[in-house]
Amino acid sequence: MLPRTCIVLISLLCSFSPLGRAMLNLTLPGQHPNPEAVVQEVHRKVNASIARREMLQVSQKDQATCQTGNPIDDCWKCDPNWANNRQRLADCAIGFGQYAVGGKNGEFYLVTDSSDDDAVNPKPGTLRYAVIQTEPLWIVFPSNMLIKLSQELIFNSYKTLDGRGANVHIVGGGCITLQFISNVIIHNIHIHHCHPSGDTNVRSSPTHYGYRTKSDGDGISIFGSKDIWIDHCSLSHCKDGLIDAVMGSTGLTISNNYFSHHNEVMLLGHSDDYLPDTGMQVTIAFNHFGEKLVQRMPRCRRGYIHVVNNDYTQWEMYAIGGSGNPTINSQGNRYTAPLDPNAKEITKRVDTEEGKWKGWNWRTDGDIMVNGAIFVASGQGVEVKYEKAYSVEPKSAVLIDQLTMHAGALGVGGRDNNLGMWSTGPNGGGTDLDSGPDYTDDWSGSSGPLLPSTSTFLSLLIALSCLLFYKIHPTFML
């Protein structure tokens with residue numbers, strides 16, 4: 001055993017060095033010792049949800065059922081009182097990010113101010129004021145909002161961003177940065193038109209702010225963090241990646257999202273030579289990779305990546321790429337290749353000779369190949385069928401349609417899934433977003449400004465309802 005003084009010195013060095021902190025991340029309880037067991041558990045939950053749906057269809061004589069077969073949505077969405085039991089969502093994650101508790105058991109914080117004028121001294125009621133707090137918080141939106149960030153939105157640990165029931169768009173500088181933290185849930189948010197920012201001071205906690213160099217302009221940047229769950233978000237039109245996870249990040253689930261209109265969609269891993277990313281473990285499930293995407297869905301460096309039950313509409317260059325010997329386990333996805341005869345291959349080993357990558361563990365199991373799509377597998381046992389007991393084997397495209405039909409942000413401004421503002425019923429109101437052409441999410445189905453709010457009375461009524469159903473800390477009330 002190391003002497004106590006050595007442990008203290010190592011901890012101090014790691015606290016001052018970003019590289020050291022990321023390497024120390026490998027010793028944290030974010031890396032699962034048996035990734036194949038996590039894969040099996042994902043399939044068990046999917047199969048159980050599908051079985052329940054089929055049983056209900058038979059018992060209800062083909063009447064519509066809330067059950068979709070998607071274990072995440074079936075966990076909370078069928079509860080007619082979900083709006084008054086929001087923190088149930090924290091029990092619904094699957095895969096490597098299943099331990100992300102977010103702001104569970106914390107106070108509810110209402111975002112009542114969409115402004116972001118001061119990145120050092122944010123006002124109470126703003127989103128920035130909420131995410132920097134040290135205590136667990138469940139952050140909700142009583143009205144529709146367009147939040148134009150002035151700088152990176154730097155989160156603290158144990159936060160849930162819950163946009164259900166509202167049409168919430170985050171755009172501008174940054175956008176979202178998760179750096180050396182843990183336990184964050186981001187749910188039901190539109191994130192788009194993010195551009196580089198920085199060269200200024202930004203606050204990251206109530207007691208600390210510091211100088212930030214130029215950011216890349218990612219939609220969500222995950223840096224040396226663990227236990228992160230990104231679910232039901234719509235991401236598009238960012239300067240760099242839509243989601244990037246680097247520097248020893250692990251314990252991530254990226255699920256039920258809709259990706260569109262972007263070049264380099266998702267990067268997992270800092271570099272081929274960065275050894276801590278060997279411990280990276282990511283689940284990518286039930287996402288829809290939609291129109292006008294080019295590459296990196298994802299692009300992996302090291303780590304174990306489970307890609308399961310996603311719908312790849314098309315790509316221009318390739319879908320899944322990698323270098324540095326990552327493990328890629330592709331199961332039950334639908335890959336629809338583009339018309340370009342030179343872009344039919346799903347996979348790409350980036351800047352690596354075949355003699356090196358032929359031993360990498362890249363496998364396909366139960367995937368649906370459409371329009372000539374080709375998955376080039378590699379590694380030991382390529383010609384042997386992987387164990388089917390835990391695999392989802394779609395018999396037709398109907399299953400993929402069912403699992404991904406609600407991908408992206410739910411409700412107003414999202415797909416037609418009847419999830420209204422703070423309730424499960426349809427919402428006739430619009431938004432108070434003043435978006436112009438530069439901040440219009442194409443998936444909202446409109447190329448013009450979004451609709452105005454119905455009335456101030458509605459917002460007041462919603463806020464009063466929140467006070468009745470939730471315990472809100474007085475510090476966060478305006």
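A residue counts as buried when its relative accessible area is under 20%. In this predicted model, Cys238 has a relative accessible area of 9%, so Cys238 is buried. The paragraphs below follow the cysteines through the structure, starting with those that are paired.

A search of the whole structure finds two disulfides. One of them joins Cys75 to Cys92, with an S to S distance of 2.1 Å. The torsion about this S-S bond is about -70°, so the disulfide of Cys75 and Cys92 is left-handed. Cys75 lies in helix α4, which covers residues 71–76, and Cys92 lies in the loop between α4 and β1 (107–110); the pair therefore ties together parts that are 17 residues apart in sequence. Cys92 is buried, at a relative accessible area of 2%.

The other disulfide joins Cys175 to Cys194, and here the S to S distance is 2.1 Å. The link of Cys175 and Cys194 is left-handed, with -105° about the S-S bond. Cys175 sits in the loop between β6 (168–173) and β7 (176–179), while Cys194 belongs to strand β9 (residues 190–195). This pair links distant parts of the chain, 19 residues apart. Cys175 is buried, with a relative accessible area of 1%, and Cys194 is buried with a value of 2%.

Why is Cys238 in no disulfide? A disulfide requires two cysteine sulfur atoms within 2.5 Å.

How values were computed: Residues are numbered from 1 along each chain as its sequence is written. This is a predicted model: local features need pLDDT of at least 70, side-chain atom pairs count only at pLDDT 80 or more; totals for chains, interfaces and linings use all residues. Side-chain values use heavy atoms; hydrogens and water are left out. Helices (H or I, at least four residues) and strands (E, at least two) are DSSP runs, numbered from the N terminus. Buried means under 20% relative accessible area, exposed over 50%, partly exposed in between (1.4 Å probe, protein chains only).
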